[in-house]
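I went through them one element at a time.

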Amino acid sequence: MGSSGAERAAERLLLAALCSVCQALQDGMLFPTESPSREVKDVSGLWIFRADESPERSRGFEQQWYKSPLAETGPVIDMPVPSSYNDITQDAQIRDFIGWVWYEKDVWVPARWIQDRGTRIVLRVGSAHYYSVLWVNGVKVTEHVGGHLPFEADISGVLRQTSGNQCRITIAVNNTLTLETLPPGTIQYMTDRSRYPAGYFVQNTNFDFFNYAGIHRPVLLYTTPKAHIDDITVETTFSDNIGLVSFNVSVLGSSKAAVKVTLSAQDGRCVASADGSRGVLKVTDVNLWWPYLMHENPAYLYSMEVQATAEDGQTDVYTLPVGIRTVKVTSTQFLINNKPFYFHGVNKHEDADIRGKGFDWPLVVKDFNLMKWMGANSFRTSHYPYAEEILQMADRHGIVIIDECPGVGIKDIRSFGNVSLAHHLTVMEELVRRDKNHPSVVMWSVANEPASEMPPAGFYFKELVSHTRSLDSSRPVTYITASNYARDLGAPYVDVICVNSYFSWYQDPGHTELIGLQLNTQFDNWYGKYQKPIIQSEYGADAVPGLHSDPPMMFTEEYQKTVLQNYHNVFDQKRKEFVIGELIWNFADFMTSQSIIRVVGNKKGIFTRQRQPKAGAFLLRERYWRIANETGNTLFKL
Ligand code: BDP
């Protein structure tokens, strides 16, 4: 690649795409579900693929690879969707590839979809990392910036104008990160010709996970009637035994649609209904949505059926699961349904062998089984939004979520500028739009370990937190900090202080005897300065599975256990005061970029990457079930 060709192309695309994202945000992003008026066709599976290895990564655009079948313009290989492409082949160049890759799939669209002009056909990508451009039958239908949130395009017109039922979907995806992407990154050209060949470049990032790329979540075609339910927003509260669900439905394609909303209990009984696109449903003898291990009947979900009937008599139907619960924060507590909630949970990654960050049901179900086995009642979506299917699982199992945006690795002062901030605000808008209705989501995290001591951080976080609150006033907002309390400029704006620390690991390696003192100091300093409740949002130590030593040494399973125990002693004191949670780093081992401090990835998991327990998992299991019995409203058997 010659001098910054990819960077310039990426930046041009970034600016163009930001405009279309702004417009798109006026529309909703409801998860596609089937209903009497809607069909869903999953077009994930086997796609074909080519990485554009031309020096500028621009050949695909120059030669218009989207105009004809990809196999006609060069060699292609099989590529599963969803999956990261990095670990699928034996080729290190594909694993480490930076730039545009091209995906293509031919699908058949049911003839009735095309013939019925009252049917709207939408193409939706759950997520693709990082920039994406979408074509259908050679016609560009949309583009998107950002690797962890869905995007979609109405393709009815294109399909009807082009070749009827046949639909060639082409998606170009580029993983180049810039100072203004989330997460940020930089491309560095190596100019010393005695060490690097001409055009040699690397991508630098400041985050500790592999920058997996590709189409990471399912690609769906779905239909709605032309006049359709575009978005639904619910907010819930209760008073005594009466639950209140306020709703707001937006309908597109008809200005006079009649909206009817019906709420049903789990046994199918209708418990409330209303006419109109806004209103409040009253539910007597309400069953609240409780977290796992906080109540004997957790995760109660009502079902809200919304019907919108247009002037022509066509009705669109969408059903949304609704959990009725409240969230509040005091200076020392986190309250769910007015009862103190203690986070005993994990930090995760979307990460596994072979598929990288690709969505995978067996993995998702296994992870929920492991979380429930160990008595975890919560997790943080470190360090980016996870698949919607994962949030739906959390709703159904009562697992509480801190929902994090991809603001990780913001360490360069140039990433605190106006363009970065504007993009960050847009990403929060996309995140809140997607996840606002999930009862499991109890807090937004706008960033992880930014350089919050840099002067622009004060303004940046003030804007970011207040904008997020204006999007959703029903949930607290935080960001995760690792900096020294005295120098943190964002903390005044958040509702809950979330602190990461690695005593006896990155500081004073080997000295677990210092954890007690240092952790106490950490908590007292933060609380003393801000009088806000604190979550230990990360702590942990690497353990290479099967490595043992007694007395413990770093990287052994015993050392990981000892670090955890020393932290727990302090948590047990401070949770009587203002500490409201502990989230282990990390649930499972995960892949990182290659470096001298990583042995085939980060080994701070209490499970291996293949989800087998290390000694630390059993320790946490004992602890979490004990805490559940101390803090929940009922007794649970381990
Ligand atoms: C923390 C980061 C996390 C890292 C962890 C570690 O938030 O992403 O993986 O350190 O180094 O500071 O293990």
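I took two strands as paired if DSSP finds at least two bridges between them. Helices (H or I, at least four residues) and strands (E, at least two) are DSSP runs, numbered from the N terminus. The model is predicted, so I kept to its thresholds: local features need pLDDT of at least 70, side-chain atom pairs count only at pLDDT 80 or more, and totals for chains, interfaces and linings use all residues. Residues are numbered from 1 along each chain as its sequence is written, and side-chain values use heavy atoms, with hydrogens and water left out.

**Strands S5 and S9.** I looked up the pairing of S5 (residues 119-125) with S9 and found it antiparallel, over four bridges. Valine 122 has aspartate 154 of S9 opposite.

**Open sheet.** I traced four strands in the order S18-S17-S20-S21, with antiparallel pairing. S18 (270-275) and S21 (315-322) are at the edges with a single partner strand each, so one side of each has no neighbour in the sheet. S20 (residues 302-309) pairs with S21 over eight bridges, and glutamine 307 is set opposite valine 317 in S21.

**Barrel.** I followed a closed barrel of eight strands, S25-S26-S27-S28-S29-S30-S31-S32, with parallel pairing. S29 (residues 477-481) and S30 (residues 497-500) are joined by two bridges; isoleucine 480 has cysteine 498 in S30 as its bridge partner.

**Helix H6.** I compared length with expectation, taken as 1.5 Å times one less than the number of residues. The 13 residues of H6 (residues 361-373) should span 18 Å, and the end C-alpha atoms are 18 Å apart, which agrees. I listed the buried residues of H6 as Leu363, Val364, Asp367, Phe368, Leu370 and Met371. Seen down the helix axis, they fall within an arc of 160° (from the directions from the axis to the C-beta atoms), so they line one face of H6. Their cover, by contact (heavy atoms within 4.5 Å), includes S25 (343-347), S26 (378-380) and helix H7 (388-397). After H6 comes glycine 375, with a positive phi near 80°.

Note on methods
Buried < 20%, exposed > 50% of the residue type's maximum accessible area, 1.4 Å probe, protein only.
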